[in-house]
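The sequence and the structure come first, and the description follows.

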Amino acid sequence: MFCRTSTDLFKTVFDLMISVTLFVGRFDMRMMQAAMNKTPDESKSSDLLYDHLDGKDELWFDFIADTGDGGNSTYAIARLLAQPSLVVKSDDSRLIFPRGELLLIGGDLAYPNPCSFTYERRFFCPFEYALQPPAWYTPDHIALEKPELPLGVSELRQYSGPQCFMIPGNHDWFDGLNTFMRYVCHKSWLGGWFLPQKRSYFALKLPNGWWVFGLDQALHGDIDVYQFKFFAELCQQKVGEHDSVILITHEPNWLLDWYWGDKTGKNVTYLIREYLKGRCKLRMAGDLHHYMRHSCTESKEPVHVQHLLVNGCGGAFLHPTHVFENFKECYGNKYETKAVYPSYEDSSKIALGNILKFRRKNWQFDVIGGFVYFVLVFSMFPQCDSFRILHEDSWDGRVNSFFNATWNAIFEILEHSYVSLAGVLTLLTVSFFFVPTKLSRRRRALLGFLHAAAHITSAVLLMLLMELGIEICIRNHLLATSGYHTLYEWYRQAESEHFPDPTGLRARLEQWTFGLYPACIKYLMSAFDIPEVMAVTRSTICRKGIESLPRGGAIIYYVSVFLYFWVLSTPVVSMVFGSYLYVCINWFHIHFDEAFSSLRIANYKAFTRFHIKKSGDLEVFTLAVDKVPKEWMLDPDWDMEPKEPLQMSHTRRFPSKWRAASGWSDPTSVVRVVDQFVIPRTAVDPLLPDSAP
């Protein structure tokens, strides 16, 4: 599931550059969708407005977002969504949740970039394992006239299986929405979920006066004017005065704007304030890979949105919650935190993994980190007088002498070196720009300087320790005793003692090969005798200076030093960088994306299940799995269940192909409710007629 990482990364950067320079403000797929609409009045367009569910007495439906990483976490959620029913223990009671008839997905379907490979392997594949597509489904099919209903179903209202609608996220827009349009708007099945959707945004009319608006924010973080026109006309012509609207966007602008001190999504805000006028009961989003719900407190001011909900736990790596702990205001109303998952305390503790687990999770970082550290101290090799540190009589004196040598080396880098000074200046610049702009310029400079200083100091300390170790070995005759070819000389001695050559074969081989036979062995052994080569060359430099070495000898020395210094420095550079991320995320609440994406936490997954009751009240349940299984096995119940040739998978008792290898850890066994609330139906004054058409 997670192959081709480096290729995907470079392609993502390229696609993002193209999307930002070409599609933002120049060409927008949403404009083309509006131009292709066959109905002049978009509020009546069947391509955008779906009302086939409004005739039901009640309705169960689900919401997830950010399924992007695929694999175990995405399949765990898809398996829960696919079950005919879920039985969940809550306190002393047992709650039974029927399968949702409708699935809403809030974007970022596959990471890191949208393409056929990521969509098929990381998005479609887990859902197809959870709920298989119909027998006649072919992956390469392109749906020209949607909805392509199953045989025997004449209209969408008659279809009784689960359906799915989704909006794109910022990652889905990296290729200008091309892959999303191909795989969502021109396909009819996501596993066993039917896809009637034709555009990247939509409106759903649900039972008992409830609506869902699915908005496409593209890379702007806002809707375009054509989209705004559609939803504004819908609010005026279709949505009743006492109806209730659930608004879905990919980005939770209310949280991100508060965090960054920004103001985005102005068209969405205007739509909510001026057209929905208090009818938006719930606004939902993903993008942040955790669960948070804020509810409006009692206010004398008009309440534009009652509840703000973020649930990006559909399958991507975890994001922290504690950095958003102080969010309290949006749309001019006060909000209070009602539920978070994981909790603020757990989120803060998880960040400790940056110190303890950063290197194990991000071993590729060693390649860059070790090289950077070597560049920082390149000009300081060798330290010929390092042994004077041990001339002190007491350990306190030796420690003080060691740290004095460290400071002297740092000042020597600043005053006399070229390569190391360039590395230091580059590191300082990168460290400054790496600090998020959430902080003031002065704080960014201070934090960037401290971060770079920690790396520079660590590199110099490691350099002195390595030089001191080599010097001790030389003075104790463990290294630099017999020149460059110590290992070869030992080999020749052992060869003559244990493998005598009375016939002179070796001498003839040397003659026949023009000396290549012993020379190849000699220099090959020198290449493997790196410590001796390094020590001998170091002694030569200390006696005669670096100028005495030929260019090849200098290259061999620095390559030898690099190999050992790289091994010595990689654990340290990872720990320093991980500690920096830990301090930033827990003390300054910055780098929340970098600090948690580096941990690659696949656990803490959740989805939200809704129930529109016959009374019109909306029950909301968020169900979560704390730990995602890593090992799966073929579900014997699925395997043994009889399957008719044309049977739809949603009619089966056991629809999912795989279950956890350990039954007690299966998502269906450990799922729990982490949040539960009710949004009551808007009260209707019987003396006033509803303004709905």
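Helices (H or I, at least four residues) and strands (E, at least two) are DSSP runs, numbered from the N terminus. H7 itself spans residues 253-260, and six of its eight residues are buried. These are Asn253, Trp254, Leu255, Leu256, Asp257 and Tyr259. Buried means under 20% relative accessible area, exposed means over 50%, and partly exposed is in between, with a 1.4 Å probe and protein chains only.

Just after H7, Gly261 has a positive phi of about 65°. Lys263 belongs to the loop between H7 and H8 and is exposed, at 65% relative accessible area.

## The model and the chain as a whole

The model is predicted: local features need pLDDT of at least 70, side-chain atom pairs count only at pLDDT 80 or more, and totals for chains, interfaces and linings use all residues. Residues are numbered from 1 along each chain as its sequence is written, and side-chain values use heavy atoms, with hydrogens and water left out.

The chain has 693 residues, of which 52% are buried. It contains 23 helices and 21 strands. Of the contacts between residues at least 6 apart in sequence, 80% join residues at least 24 apart; a contact means heavy atoms within 4.5 Å.

## Helix packing

Helix H6 (residues 225-237) and helix H8 (residues 266-276) have axes that come within 10 Å and cross at roughly 15°. H6 is therefore roughly parallel to H8. Axes are lines fitted to C-alpha atoms, for helices over the stretch in contact, and angles run from 0 to 180 degrees between N-to-C directions. Angles under 35 degrees count as roughly parallel, over 145 as roughly antiparallel, 65 to 115 as roughly perpendicular and the rest as oblique. The crossing of H6 and H8 is right-handed. A crossing is right-handed if the near helix is turned clockwise from the far one by less than a right angle, and left-handed if anticlockwise. On the H6 side the contact is made by Phe228, Phe231, Ala232, Cys235 and Gln236, and on the H8 side by Asn267, Tyr270, Leu271, Tyr275 and Leu276.

Helix H15 (residues 441-475) packs against helix H13 (residues 395-416) at an angle of about 120°, with the axes 10 Å apart. This crossing of H13 and H15 is right-handed. Residues of H13 in the contact include Phe402, Phe403 and Ile413, which face a set in H15 that includes Val460, Leu461 and Met463. H15 also meets helix H14 (residues 419-434), where the axes come within 8 Å and cross at roughly 135°. H14 is therefore oblique to H15, and H14 passes H15 in a right-handed crossing. Among the residues that meet there are Val424, Leu427 and Phe432 of H14, and Arg441, Gly448 and His455 of H15.

## Aromatic pairs

The whole structure holds 46 aromatic pairs. Rings of Phe, Tyr and Trp (its six-membered ring) pair if their centres lie within 6.5 Å; planes under 30 degrees apart count as stacked, over 60 as edge-to-face and the rest as tilted. Phe97 and Phe621 form an edge-to-face pair, at 4.9 Å centre to centre and 75° between the planes. Phe97 is in strand S4 (residues 93-98) and Phe621 in strand S18 (residues 618-625), so the pair links parts of the chain 524 residues apart. Phe97 is buried at 1% relative accessible area, and Phe621 is buried at 6%.

Tyr129 and Trp658 are also edge-to-face, because their planes are at 85° and their centres 5.9 Å apart. Tyr129 lies in helix H4 (residues 116-130) and Trp658 in strand S20 (residues 658-660), so this pair ties together parts 529 residues apart in sequence. Tyr129 is partly exposed at 33% relative accessibility, as is Trp658 at 26%. Elsewhere, ring pairs join Phe374, Phe378, Phe381, Tyr557, Tyr558, Phe562 and Phe565 into a cluster.

## Charges over rings

The charged end of Arg293 sits over the ring of Phe677, 3.9 Å from the ring centre. Lys438 lies over the face of Tyr259, 4.3 Å from the ring centre, and Tyr259 is one of the buried residues of H7. A charge sits over a ring if NZ of Lys or CZ of Arg is within 6 Å of the ring centre and within 35 degrees of the ring normal.
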